[in-house]
Amino acid sequence: GSLTLVAAMLIGARRYGARRMAFPALIPLLLSMAAPFQWVLMSAPLIGWLAAVQVERGRSYGDAIAAASIPGAGLGLLLLGALHGEMLPTRDLVDSWVPALQEVGTEAPLPDTVSLEQLVETMLAVLPGTAYLSLLMVAVLGYRVAEAVGPRFGTQVPAAVPLHQWRLWETLIWALIVCLAMSFLADEGLISGLAVNGLLVLSVLYAVQGLAVARWLMRRMQVQRFLEVLVYALLVFTSGVSVLALAGIGLMDTWFDWRRLGHRRHGDAGSQAN
């Protein structure tokens with residue numbers, strides 16, 4: 001449903017103009033105040049509209065997705081503040097969720113070194129970053145849906161950057177450095193939570209960049225399709241290790257630029273992001 005709403009708003013804004021579609025994009029978000037658990041679905045039209053504004057201005061694909069991810073950033077910050085404030089205290093949530101999960105036998109498959117309480121605390125700690133990544137994925141996939149179905153409605157959406165040419169902005173390395181510094185300086189509290197979730201988001205983004213490098217390499221080596229599928233399947237089955245390895249590859253690509261994408265001007269390089 002979210003992907004459909006993003007695509008519909010993006011196509012509608014491309015056809016009738018972003019200014020005319022501004023109010024329809026905000027109505028669902030205002031309604032979400034009465035249904036906070038539907039915030040992801042309700043924010044989908046705003047995600048599509050924000051992307052459409054950037055497209056209408058002639059900005060790059062990366063700029064469009066970065067703007068479309070603003071609702072996700074807002075949701076993440078709200079959750080972060082609520083979990084470290086009085087609205088959704090983490091301790092209260094853990095105390096209420098653990099007994100409920102124990103009743104359904106959730107604790108049985110856990111390793112001996114990990115308690116259910118620790119698992120719930122970890123899930124809550126990374127909830128803001130997970131929420132941002134979820135809405136970022138909605139923006140990316142919704143844009144691709146709009147690109148695919150737009151011609152059927154007489155509307156063209158600029159093509160998204162192919163995965164093998166996808167590259168983050170090089171300046172994001174400073175965000176990684178800042179998050180690492182905050183994680184060392186703050187042991188707990190809001191700053192520590194911001195650092196942990198920032199590291200989670202950046203790790204996933206750099207892992208995707210590492211996947212883009214792997215796909216580029218397989219295309220360059222003309223790897224057969226079934227072997228490429230086997231590689232992806234192996235990455236899925238070894239996700240715990242492969243995510244870290246891909247994140248390292250993506251991070252190194254920032255410096256070594258194996259695909260020679262960094263020679264493009266900054267605006268074009270930005271189009272590789274997101």
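Contact here means heavy atoms within 4.5 Å, and among contacts in the protein between residues at least 6 apart in sequence, 73% join residues at least 24 apart. What you're looking at is a predicted model, where local features need pLDDT of at least 70, side-chain atom pairs count only at pLDDT 80 or more, and totals for chains, interfaces and linings use all residues. Residues are numbered from 1 along each chain as its sequence is written, and side-chain values use heavy atoms, with hydrogens and water left out.

**Overall picture**

- The protein has 13 helices and 0 strands, counting DSSP runs numbered from the N terminus (H or I of at least four residues for helices, E of at least two for strands).
- Read from the N terminus, the elements go α-α-α-α-α-α-α-α-α-α-α-α-α.
- Of the 274 residues, 41% are buried; buried means under 20% relative accessible area, exposed means over 50%, and partly exposed is in between (1.4 Å probe, protein chains only).
- The accessible surface comes to about 15600 Å², and 67% of that belongs to carbon and sulfur atoms. Areas come from the Shrake-Rupley method with a 1.4 Å probe, and for residues only the protein chains shown count as cover.

**Salt bridges**

- The whole structure holds 6 salt bridges, each being a side-chain nitrogen of Lys or Arg within 4 Å of a carboxyl oxygen of Asp or Glu.
- Arg-167 pairs with Asp-257, with the closest N and O atoms 3.6 Å apart. Arg-167 sits in the loop between helix 8 and helix 9 (172-185) and Asp-257 in the loop between helix 12 (239-256) and helix 13 (266-270), so this bridge ties together parts that are 90 residues apart in sequence.
- Both partners are tucked away: Arg-167 is buried at a relative accessible area of 3%, and Asp-257 is buried at 12%.
- Arg-259 bridges to Asp-253, and here the closest N and O atoms are 2.9 Å apart. Arg-259 counts as buried at 7% relative accessibility, as does Asp-253 at 0%.
- Arg-215 lies in helix 10 and Glu-228 in helix 11 (residues 225-237), so the pair ties together parts that are 13 residues apart in sequence.

**Aromatic pairs**

- A search of the whole structure turns up 2 aromatic pairs. Tyr-61 and Tyr-143 have ring centres 5.1 Å apart and planes at 70°, so this pair is edge-to-face.
- Tyr-61 lies in helix 4 (residues 61-68) and Tyr-143 in helix 8, so the pair ties together parts that are 82 residues apart in sequence. Tyr-61 is buried at 6% relative accessibility, and Tyr-143 is buried at 2%.
- Phe-256 and Trp-258 have ring centres 5.6 Å apart and planes at 10°, so they are stacked. Trp-258 is partly exposed at 34% relative accessibility.
- For the cut-offs, rings of Phe, Tyr and Trp (its six-membered ring) pair if their centres lie within 6.5 Å; planes under 30 degrees apart count as stacked, over 60 as edge-to-face and the rest as tilted.

**Helix 8 and the nonpolar patch**

- Leu-3, Met-137, Leu-141 and Val-145 make a nonpolar surface patch of about 310 Å². Patch residues have over 30% relative accessible area and no salt bridge, with like charges joined within 9 Å and nonpolar side chains (Val, Leu, Ile, Met, Phe, Trp, Tyr) within 5 Å.
- Helix 8 (residues 127-149) gives the patch its largest share, 3 residues.
- Leu-141 lies in helix 8 and counts as partly exposed at 38% relative accessibility.

- Buried residues of helix 5 include Leu-75, Leu-79 and Leu-83.
- Leu-200 is in helix 10 (residues 190-220) and is partly exposed at 25% relative accessibility.
- Leaving aside neighbours within four places in sequence, Leu-200 touches Val-126, Gly-129, Thr-130 and Leu-133.
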